[in-house]
Amino acid sequence: MNESAYASLRGNVSFLGRLLGETIAAAEGQPFLDLVEQIRRLSKSAREGSAGAREELQGVLQNLGNEQLVPVARAFSQFLNLANIADQHHNVSRGADPLLSASRSLATGIGELLEEGVATDAVVAAVRDLRIELVLTAHPTEITRRTLIHKHGEIGRCLAQLELDGLTGRERERLHLRLRELLAQIWFGDDFRVERPTPVDEAKWGFAVVEDSLWRAVPEFLRRLDRALYDSCGVQLPLDISPVSFVSWMGGDRDGNPNVTARVTAEVMLLSRWQAADLYLADVMQLVEELSMTRCSDALRQLAGGAHEPYRVVLRRLRELLRHTRAAIEAELAGEIPPEGEILHSVDQLWQPLHACYQSLLECGMQIIADGALLDLLRRVRCFGVHLVRHDVRQDSARHTQALSELTTWLGLGDYAAWDEEQRRAFLLRELAGRRPLVPLQWQPSAEVQEVLDTCAVVAGQPPQALGAYVISMARQASDVLAVHLLLREAGCGHNLAVAPLFETLDDLSRAQEVVRALLQDNWYRGHIRGQLMVMIGYSDSAKDAGVLAAAWAQYRAQEELLQVCGDYDTRLTLFHGRGGTIGRGGAPAREALLSQPPGSLRNGLRVTEQGEMIRAKLGWTSMAVKTLALYTGAICRANLLTPPAPRAQWRELMSSLADESCEAYRAVVRREPDFVAYFRHATPEQELGKLPLGSRPARRAGSGGIESLRAIPWIFAWSQNRLILPAWLGAGAALRRALDRGQGDMLREMVAIWPFFATRLAMLEMVFAKADAGISAYYDECLVPAELRRIGAALRQQLAGDTATVLEIAGRPQLLADEPWISESLRLRNIYIEPLNMLQAELLQRNRQAPEPVLERAIMVTIAGVAAGMRNTG
């Protein structure tokens, strides 16, 4: 980062902090602001090494009265939110490093490919074949309310306007006043929902991201890509290109969430169509206002019936279609009979009249008009279609087994659940190859099974364009996939919906190619999928199962093996990556993550989950969304045109040893330390997280209540709160140290230098170690953990220190993030504000566990939100 850009960012952080201070003083009084400032100064001195300041800070926080707890926590939490806004704004601002801009990123990426010898035709083909499918999921650690997200966006817009040259004093003053107003709204408002969101609420939040950001971002991104391609290759994008599309799990992901029912899924699908019609209507109404030209082509004149203003006539018809569609969907949602008349059901109903207008404008010499708002709308039609987003359905394989078990038992065929894999597969393939229905009309299944059947019926009732895939979590056998195909057929599903097995534990990943080969060996299955297969790779649960290093290698090898198997059967494989934002859930900077994939894994495009707070961080602002799409584009084209190096045989051998050893070290603690679960529950706010009104999905799966029943997201979220961040590093450093002790340091350094996969793993470990804080973890233990369990925390912190030294030794650096001075400085500044929140949280947890009070629970919620804001990618 250049120094002037850094100064601009630092200036915005300071400016917003000063305004927040003025807001707090006006609301709570100067003495309270003085208290907050005292805590901040003590935290700064403590971070600089003053033991006396740390003791004094602890004393101040321990002596806060109940009436001061929430306001103090909110002051530090809100500052971290404002720092995040300034950071996000900087990434897309005019004053940012020009290399960060989307246009420069695209132009540089294409230019580098050409300079490195890639043929122009190959670059053009790669861009035209580009396929980016972003799957928006609900997120049980998305803390920020939608009203607060809106205010944060407004603050970002004010910062952008303040950058403009030529502002008058009055204009600048008005923007400052607006910022003060927004900060006052935040301070006097409520930070949290009172109740958990429903799945429909979550879906509406997802649609709002499309409305507020992606609706504008997609055509803007395509304009920049078009310009970069033309400037570099002399070729423009085809008019009907749709390299980007969006899918939603909100309202469709029922894995472990009893609140997502068939009725909810049907309602969400209707709502997405309503939202699409509403957004198209606004655009068409603008065009009706603007396209008042009279000159037109013969084809458009005929379409308009010879009218004087032909464009307006054609567009008014489209406007009425959209109005009627909106009214019909509203009636259906209300349980009323929809009004008669044509409604929007296919893309052609939008595309044909808009394309006719576009062609007419080109033919009549009005290209500058054609390539304005009308071109943007045509590109939106290709991206968003009639349904705004396509919807995935996800369900646990055990629910399908239960359904077939009840059915076969009722039919007198035996218990499907008791059959071995060979029996199950033979039964399923026999039924799939036959034509008679399997489910009798008089059968009355249990409520759980009925819900599975109802979901399949909802899927069957949707047009193909409304759906993305049916994802099977905990898929372990070929029969798990065939079972869904059979249930969908029985429900009357006539279209060829992708049924994607999700492989998510270490064992499942290692057996993924065996399962897929068993499927592809069958003639019926190959004929049914028509050469197209989707497989989902689970990052969260595999890391929770085996540790981050073993999971990463299992994911890499599974992808390689799946590509090989599908190649053997001439089948195009789409790999669906179930990543989260954190390192413990597969997260990494977008470009590095994509370039570290196995060779060939992006050949059929990118399908990846974007989750909760990461949706907001990467896609929530239009400018950020454009930049994110540009980063994905550059990385995918590079990976496909300049194949990343495949690992050498000796690297593979070492990596397999590292994976085995790291898994053993991880499981020795998490599975075989008898007091580990008790320590985890005491040392983190895991118990309190379950009470937060975050997402619609329960934090735990049904089960024993142990670590295995806890979902991966709250597992990682809890450890990030006490700053040990255990799931993102445990096991990895121990394995690397053993390799160093065996004299394999030179090979490790060679792997870092040449192999993107390994280099990314080490860089992510370094980032985790920089965010972890052993001192804060020790303070949590001191406040919360019984004396007999503290040995576990002490051992883990000793391991953390050793692992940090190991990574630095391999990297050949004296300190963490030595090559990333801005990230290092950002963490240093944030820690001044995060540490008081951590210390206050430990104090509050101690008080609340001894004598629960509503004010304590609320203050704990504020600290959790603040630490999450400071740590950025928490789940």
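Which residue in β3 is the bridge partner of Ser 248? I looked it up, and it is His 391.

**Ground rules**

I am working on a predicted model, where local features need pLDDT of at least 70, side-chain atom pairs count only at pLDDT 80 or more, and totals for chains, interfaces and linings use all residues. I number residues from 1 along each chain as its sequence is written, and side-chain values use heavy atoms, with hydrogens and water left out.

**Whole chain**

I started with the secondary structure. The protein chain holds 37 helices and eight strands. The radius of gyration is 28 Å, close to the 29 Å from the globule rule for 875 residues, so the chain is as compact as a globular protein of that length. I note that this radius is taken over C-alpha atoms, and that the rule is 2.2 Å times the number of residues to the power 0.38. Helices (H or I, at least four residues) and strands (E, at least two) are DSSP runs, numbered from the N terminus.

I then took the extents. The C-alpha trace spans about 85 × 80 × 60 Å along its principal axes.

Next I checked burial. Of the 875 residues, 58% are buried. Buried means under 20% relative accessible area, exposed over 50%, and partly exposed in between (1.4 Å probe, protein chains only). The accessible surface of the chain comes to about 34300 Å², and 49% of it belongs to carbon and sulfur atoms. Those areas come from the Shrake-Rupley method with a 1.4 Å probe; for residues, only the protein chains shown count as cover.

I also looked at contacts, meaning heavy atoms within 4.5 Å. Among contacts between residues at least 6 apart in sequence, 81% join residues at least 24 apart.

I went through the strand pairings next. Two strands pair if DSSP finds at least two bridges between them.

I took β1 (residues 132–137) to begin with. Six of its six residues are buried, so β1 is largely enclosed by the rest of the structure. In a regular strand the side chains alternate between the two faces of the sheet. In β1, Ile 132, Leu 134 and Leu 136 point one way, while Glu 133, Val 135 and Thr 137 point the other way, and all are buried.

Which strands pair with β1? One is β2, parallel to β1 over five bridges. There, Val 135 stands opposite Val 247. Another is β8 (residues 606–611), also parallel to β1, over six bridges. In β8, Val 608 is the bridge partner of Leu 134.

I moved on to β3. Strand β2 (residues 244–248) pairs with β3 in the parallel sense over two bridges. Six of the seven residues of β3 (residues 390–396) are buried, so this strand too is largely enclosed by the rest of the structure. Five bridges join β3 to the parallel strand β4 (residues 467–473). I found Asp 396 bridged to Ser 473 in β4.

**Val 471**

Leaving aside neighbours within four places in sequence, its contacts include Asp 392, Val 393, Arg 394 and Gln 395. Trp 249, Met 536 and Phe 576 are also among them.

Met 474 has a phi of about 55°. Met 474 sits in the loop between β4 and α18 (478–490). At 13% relative accessibility, Met 474 counts as buried.

Arg 723 has a phi near 70°. Its loop runs between α30 and α31 (732–741). Arg 723 is buried, at 1% relative accessible area.

I stayed with α30 (residues 712–721), which contains Gln 721. Gln 721 is buried, with a relative accessible area of 0%. Beyond four places in sequence, its contacts include Pro 685, Tyr 780, Asn 838 and Gln 841.

My last entry is Asp 283, in helix α10 (residues 262–290). Asp 283 counts as buried at 13% relative accessibility. What does Asp 283 contact, leaving aside neighbours within four places in sequence? I list Trp 215, Leu 377 and Arg 380. The C-alpha atoms of Asp 283 and Ala 373 are 8.1 Å apart, although the two are 90 residues apart along the chain.
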